[in-house]
Amino acid sequence: MGTTVCEPCDRTFINEDGLRQHNQSKHSRLFCARCDQYFPSHGARQRHISNSDRHHVCVKCPHKPDFETLNGLDGHLTEIHVYCRPCKKQFGKEDDLTKHDIAVHNLCQSCGQYYNSSNELRNHLITHRDKIIECAGCYAKFVLNSAMVLHLEAGTCPSGTDCASVDDIAFRCSQAYHYTTEDGSDFDYTCPSCPAEFSYISGLLQHAESDACAASLGQRQPLGRFLHFLRGQI
């Protein structure tokens with residue numbers, strides 16, 4: 001059976017666990033248990049903890065707790081100190097920090113997840129919305145009109161509607177000149193408010209729902225009128 005030796009006191013242990021317990025008990029000022037590493041001085045150990053990616057210390061607490069992950073430290077700073085680490089900003093109330101996180105760090109208040117951009121957050125928030133849009137051809141329900149039309153284009157609706165049917169309806173609508181392209185384009189559809197073009201009208205509807213430009217699905221808008229016409233044709 002192999003043995004392990006404590007370097008500072010030259011003591012032998014029969015296994016690594018025994019050595020680790022000894023180090024934590026007798027050499028805590030020189031030994032980093034998380035990294036399993038000795039240091040020549042307490043100052044060297046402290047510099048290691050300050051600079052290591054494996055240590056995340058709360059400098060606001062008198063006892064300087066050390067968290068294994070940055071998420072752990074952020075959770076502690078939020079709950080205990082009402083503090084935003086990335087912005088180095090203290091808040092008087094938890095509600096103020098939450099509002100800051102939503103506005104600046106794209107926090108989803110419903111599930112506590114952070115997103116890289118406001119657009120990513122907006123797309124995620126769709127998952128929390130109720131499915132209230134009923135299909136024009138069956139009883140299936142959707143969160144967005146674009147998802148409902150995609151369901152029709154995919155040919156999965158019991159009504160038998162498919163992509164060709166949706167295209168035919170879109171081009172027969174009296175508002176078609178607002179959202180269809182001219183001859184020679186590689187795409188059939190164009191946004192009424194910007195130059196963006198699309199192969200499928202479901203893609204155009206998704207674009208309008210994303211707030212990427214001024215296009216909307218309002219009842220008096222061309223795409224809104226198309227949706228109304230669609231329901232009367234299936």
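## Report on a predicted model

Glutamate 79 is exposed, with a relative accessible area of 64%; exposed means over 50%, buried under 20%, and partly exposed in between (1.4 Å probe, protein chains only). This is a predicted model, in which local features need pLDDT of at least 70 and side-chain atom pairs count only at pLDDT 80 or more, while totals for chains, interfaces and linings use all residues. Residues are numbered from 1 along each chain as its sequence is written, and side-chain values use heavy atoms, with hydrogens and water left out.

Glutamate 79 belongs to helix H3 (residues 70–81). Helices (H or I, at least four residues) and strands (E, at least two) are DSSP runs numbered from the N terminus.

The unreviewed UniProt entry carries the annotation "domain: C2H2-type" for residues 4–28, 82–105 and 106–128. UniProt positions are given in the numbering used here, feature names are shortened, and annotations may be inferred rather than shown by experiment. Two of these ranges are described below.

| Range | Helix | Strand | End C-alpha separation |
|---|---|---|---|
| Residues 82–105 | 50% helix | 17% strand | 15 Å |
| Residues 106–128 | 35% helix | 0% strand | 15 Å |

Lysine 88 has a positive phi of about 50° although it is not a glycine. Lysine 88 sits in the loop between strand E7 (83–84) and strand E8 (89–90) and is exposed, at 69% relative accessible area. Asparagine 106, also not a glycine, has a positive phi of about 55°. The loop between helix H4 (94–105) and helix H5 (118–125) holds asparagine 106, which is buried at 10% relative accessible area. Most residues other than glycine have a negative phi.

The largest nonpolar core has 27 residues, and Met148, Val149, Leu152, Tyr179, Ile201, Leu204 and Phe226 have the most contacts inside it. Such a core is a set of buried Ala, Val, Leu, Ile, Met, Phe, Trp, Tyr and Cys residues joined through side-chain atoms within 4.5 Å. Two or more residues each come from helix H6 (145–153), H7, helix H8 (176–179), helix H9 (201–209) and helix H10 (222–233). A second, separate core of five residues includes Cys58, Cys61, Leu77 and Tyr83. Lysine 60 lies over the face of tyrosine 83, at 4.5 Å from the ring centre; the criterion is NZ of Lys or CZ of Arg within 6 Å of the ring centre and within 35 degrees of the ring normal.

In H7 the buried residues are Val166, Asp167, Ile169 and Ala170. They cover an arc of only 165° around the axis, so they are on the same side of H7; the arc is that of the directions from the helix axis to the C-beta atoms. Their cover includes H6, H8, E11, H9 and H10.

The structure holds two aromatic pairs. One of them joins phenylalanine 171 and tyrosine 189, tilted at 5.7 Å centre to centre with 50° between the planes. Rings of Phe, Tyr and Trp (its six-membered ring) pair if their centres lie within 6.5 Å; planes under 30 degrees apart count as stacked, over 60 as edge-to-face and the rest as tilted. Phenylalanine 171 lies in helix H7 (residues 163–172) and tyrosine 189 in strand E11 (residues 189–190), so the pair ties together parts that are 18 residues apart in sequence. Phenylalanine 171 is partly exposed at 42%, whereas tyrosine 189 is buried at 0% relative accessibility.

Methods. Contact means heavy atoms within 4.5 Å.
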